[in-house]
Amino acid sequence: MRYIFELNHPKHYYQFKVVMLSLMAEGHDVLVLARDKDVLLKVLEEEHVPYEVFGRHNKSMAKKIWGTFALLHNYHRIARQFKPDVIVSKASFYGCFTAWRMRKKSVIFPDSEVVKVTNKYVVPLCTKVVTPENFTLDYGPKHIKVKGVFENCYLAPSVFTPDASVVKKFGLSQPYAVFRFVGWFANHDVKNSGFTLEEKIQMVKAVEPYMHVYVSSEKALPEELAPYKLPTPASAIHHVLSFADLYLGDSQTMATEAALLGTPAIRSNSFVGEHDMSNFIMLEKTYGLLRNVPNFEEVMPLLREFASVSQKAVWVEKQQSYFASVGDSNAEILDILTHK
């Protein structure tokens, strides 16, 4: 069979990496179709993955709307040439619309209940919806659930081994904390937000007496935070997170990654609250791997507590318990894509 895997974020590549390699090993044809966004293309190049670009990510809403037509045109042109049997994506309207237009199958993998575009426009077009088992929405007969969260696909001990030489190669000083701040440019980020610049500076200063601080940011770092810029390439981030003593950020993905790598993790943004996404609630309430905090005022005392007294050994035990319970999801997903 012939598969298109659409990638719009580095996480999408890592999530599908093992599955894509398995499909190719079984003799299937795979095309990686990427959008020029954040550091995705850099990651693909660092990992030596062949890909085609179908468009760029636009930050303004006006450009997003007008750019939709160009993206759909490019997508259909590439798909028509490749002739896929199945288009796989996180939850892409472009992929599902193209598959529907070509009368082909599409499989999506959403894990955030709050993304309205997915629920209203993408799910009705797709052939199958695959979500984590704790997902609270029900999409009917096309809906298939798998164990754990999708980050299992690339961070389970069966598929990922942390490499300490990466930390040494780029001169990271231990102990250290990783802070991650996102740009809030995505469609589902509208009306949501993370930390202000002043809050970011205060948090860095609060942790500095206890450990080194490295900052990863989707936006260019301002002058005040530039000296703290994480010096490693994007493709090394999971090794960096694995050996960190603390993670803090307003990112969704990296908070989950840090938690599953056994690093004490604090996540804070405007999504946190009674209507938060189920995967973050599960990681905190069921497995104790993540602390979801609704505001800066509540972050600061927790941050000082985690920085002053190491929680690493406790988190590693929790991580081991989690993976003993859920394993990795690649075999389930491969079966869904090839047999069901």
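The model is predicted, so local features need pLDDT of at least 70 and side-chain atom pairs count only at pLDDT 80 or more, while totals for chains, interfaces and linings use all residues. Residues are numbered from 1 along each chain as its sequence is written, and side-chain values use heavy atoms, with hydrogens and water left out.

I'll start with the sheet. It is open, has seven strands in the order 3-2-1-4-5-6-7, and pairs in parallel. Strands here are DSSP runs of E, at least two residues, and helices are runs of H or I, at least four, both numbered from the N terminus. Two strands pair if DSSP finds at least two bridges between them. Strand 3 (52–56) and strand 7 (143–146) are the edges, each pairing on one side only. From one strand to the next, the twist averages 20°.

Arg35 stands opposite Gly55 in strand 3.

Now the helices. Helix 4 (93–102) packs on the sheet and touches strands 1, 2, 3, 4 and 5; contact means heavy atoms within 4.5 Å. Helix 14 (330–338) also packs on the sheet, touching strands 1, 4, 5, 6 and 7.

Last, the serine. Where is Ser112? Ser112 lies in the loop between strand 5 (105–108) and helix 5 (116–122). Not counting residues up to four places away in sequence, Ser112 touches Phe135 and Met277.

Conventions. Axes are lines fitted to C-alpha atoms, for helices over the stretch in contact, and angles run from 0 to 180 degrees between N-to-C directions.
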